[in-house]
Amino acid sequence: MILDRIDSENDIKKIDPGEYDELAAEIRSFLVDHVSETGGHLASNLGAVELTMALHLCMDFPKDKLIWDVGHQAYTHKLLTGRKEGFDTLRKEGGMSGFPKMSESDADAFDTGHSSTSISAALGYAEARKLKGGSEKIVAVIGDGAFSNGMAFEALNNMSHLKENIIVILNDNEMSISHNVGAMSKYLNKIRLGSAYNGLKIGVEDALMTIPIAGEKIAKKLKQTKDSMKQFVVPGKFFEDLGISYIGPVNGHDVTEMVETFSKAFKLKHPILIHVKTKKGMGYSYAEKHPDYFHGIEPFDKKTGKVLSKPEVMSYSGIFARKLTEMAAGNKSIVAVTAAMPDGTGLSRFGKAYPSRLFDVGIAEEHAVTFAAGMAAAGLTPVVAIYSSFLQRAYDQILHDVCLMGLHVIFGIDRAGFVGSDGETHQGLYDISYLNGMPGMTIMAPKNRYEMSRMLEFAVDFDGPIAIRYPKDFAYYELKNKIQYIELGKSEVLERGERLLILAVGSMVKEAVQVVERLKEEGYAPTLINVRFVKPFDITLYRELISEHDILCTMEEGMLNGGFGQTVSGTLLEEGYSFRWIPFAVKDIYVKQATRARQMEENCLSPDTMSKVLIKALKGNDNI
Ligand SMILES: Cc1ncc(C[n+]2csc(CCOP(=O)(O)OP(=O)(O)O)c2C)c(N)n1
């Protein structure tokens, strides 16, 4: 095996060029073997094998800085930097991250997970190199999907003044998770010709630059002449006009061609964008055929390409999308917005039924929210479904463009809570805290699938900014008979007891029910409330109940700071009630990758831990 000869960074340079194809094939079968067992981002990685090899052949690690956008495509980079062994533990608790991590290797220049940060970070590295007088190479690798986000353009806009080398590799596979959308994607599709021109440009400039002083002048003159010509003949004019030299398109599966291009590009003294064409899923037929399905995949049978365990029950995203699609039949004002996640959010179902009413705006969460605000101002009923973690991007848009005007925008906050193996970058733990402080925002959390549907009906009939947060989980179907109608700001009493008052938010009701069972076995009879409305919360009911109980326990799958528990207990304390408060929420830490169940456990949110803590408190033992 050629791969066996690569034990640490830069070892790839010892490989004979005649062996590159074989090495690429070995890397691909390694990735398929391992990801079929651990799960992970397969298709993007299969597409980036040769690109990564070529970069590693041209760069020195850890001196040089390579920044992967999103970071889901960095598996080959991990393999080539001494992390083969870690692949058995990929995305598992205590194991190797599915994304670049500076704490994992010196060859990882920047931690990523959210999209479109790479060019900004690379530019930061470049300015630092200038100030500190370094000579390291700096490269950002960004996919065409991530390239549709505003941050990427903000960085390009800020880059042109740089009179030093910085390279942006645009890894264009024509796919985001699903097919890429938008004008930039169409533009990239148009600029497939022009490789001859780029060959000339890079070759001539390169040669001239080696002649001291005169050579630079001639190169500049030649560039000016070509600049006037290229308006008509050169692809990538958009980038050239921004002051960024465009090179490409380059075959992203030809290591030699890329090495030649990259080596020359590194000699130029200004920002360069190299357009590399790749095929998502390359080399594994199932992933080539269904790159969206194999974008992020659970463990699968590599012979059939089928995932090993399919959940039999529907997810909250599925229930959300099904209900919305149903409602849209009788309500023509309903429109839906997704930021490049039509499948993940379930909205592709809506899109199939109402293609003209589903808007996929690309990876552009900020735009998605203000775009929805515009539609709401114009009288439509937009439903924006975005994962909790990615909605963080749109904090100001929610506040400034929706809440301040009191616009009726419905937020489907998917993956709210623990997200499992994606780890720290993707946790949906912050939404309650970031929405809580926005006057006029209503936040709901359903306890089960039936309530999810009722809440969506409520949200559509409502007038004003309103969010429903739901977890990355199958949709709980117990407590079916408990559904009554939903009333603004009203909780639901599930059990009426004494001493201990439990307020459980959304997904935590399922856990709270188990806690109550255990407490009952110990002879206690707590009161259990399904909060339903995180904001505005049911202060009237809580005032009444807190005067009859000694202990207030709040449970939420979110951060403690700025969360529901802090807000409720703070309000009651301010009003002069006295009680002991036991919060179950995530204390001030970043939650690492593990299964969702383990993340619950580790953060004291499992029924077992919560029961133990509460029993101790009820027994009057303060050592908890
Ligand atoms: C801010 C943000 N929104 C959404 C995502 C989810 N996401 C992860 S990868 C991806 C598609 C990226 O497409 P592209 O950059 O073209 O990379 P490819 O997978 O095609 O190589 C999306 C939408 C994210 N990581 N960050």
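You are looking at a predicted model, where local features need pLDDT of at least 70, side-chain atom pairs count only at pLDDT 80 or more, and totals for chains, interfaces and linings use all residues. Numbering starts from 1 along each chain as its sequence is written, and side-chain values use heavy atoms, with hydrogens and water left out.

**Stop 1: the ligand**

Select the ligand and the 22 residues around it; Ser44, His72, Gly145, Met175 and Glu365 come nearest. Colour that shell by class and you get eight nonpolar, 10 polar and four charged residues. Here Ala, Val, Leu, Ile, Met, Phe, Trp, Tyr, Cys and Pro are nonpolar, Asp, Glu, Lys and Arg are charged, and the others, Gly among them, are polar.

Pick Ser115: one of its polar backbone atoms is 2.9 Å from a nitrogen atom of the ligand. Over at Ala146, a backbone N or O atom sits 2.9 Å from a ligand oxygen atom. Lys280 uses its side chain instead, with a polar atom 2.9 Å from an oxygen atom of the ligand. On its own the ligand has 590 Å² of accessible area, and the protein covers 98% of it (Shrake-Rupley method, 1.4 Å probe).

**Stop 2: the domains**

Zoom out and colour the protein chain by domain: domain 1 is 3-193 + 235-277, domain 2 is 316-469 and domain 3 is 492-618. These bounds come from an automatic or database domain assignment. Domain 1 and domain 2 each give at least three residues to the ligand shell. Their centres, taken over C-alpha atoms, are 32 Å apart. Where they meet, 18 residues of domain 1 are in contact with 20 residues of domain 2, contact meaning heavy atoms within 4.5 Å.

**Stop 3: His295**

Helices (H or I, at least four residues) and strands (E, at least two) are DSSP runs, numbered from the N terminus. Is His295 buried or exposed? It is buried, because its relative accessible area is 10%, and the cut-offs are under 20% for buried, over 50% for exposed and partly exposed in between (1.4 Å probe, protein chains only). Leaving aside neighbours within four places in sequence, His295 is in contact with residues including Ser44, His72 and Lys280.

**Stop 4**

Next, pick Thr338 in strand β8 (residues 334-338). Thr338 is buried, at 0% relative accessibility. Beyond four places in sequence, the residues that Thr338 touches include Leu347, Phe359 and Ala385.

Then go to Ala459 in helix α19 (residues 449-461), also buried, with a relative accessible area of 0%. With residues up to four places away not counted, Ala459 touches His408, Ile410, Met444, Ile466 and Ile468.

**Stop 5**

Most residues other than glycine have a negative phi, and most peptide bonds are trans. With that in mind, select Gly248 and Pro249: the peptide bond between them is cis, with omega near -5 degrees. Pro249 belongs to strand β4 (residues 245-251). Another cis bond runs from Lys535 to Pro536, again with omega near -5 degrees.

Definitions and conventions:
Near = heavy atom within 4 Å. Polar contact = N/O pair within 3.5 Å; in protein donor to acceptor, adjacent residues only side chain to side chain.
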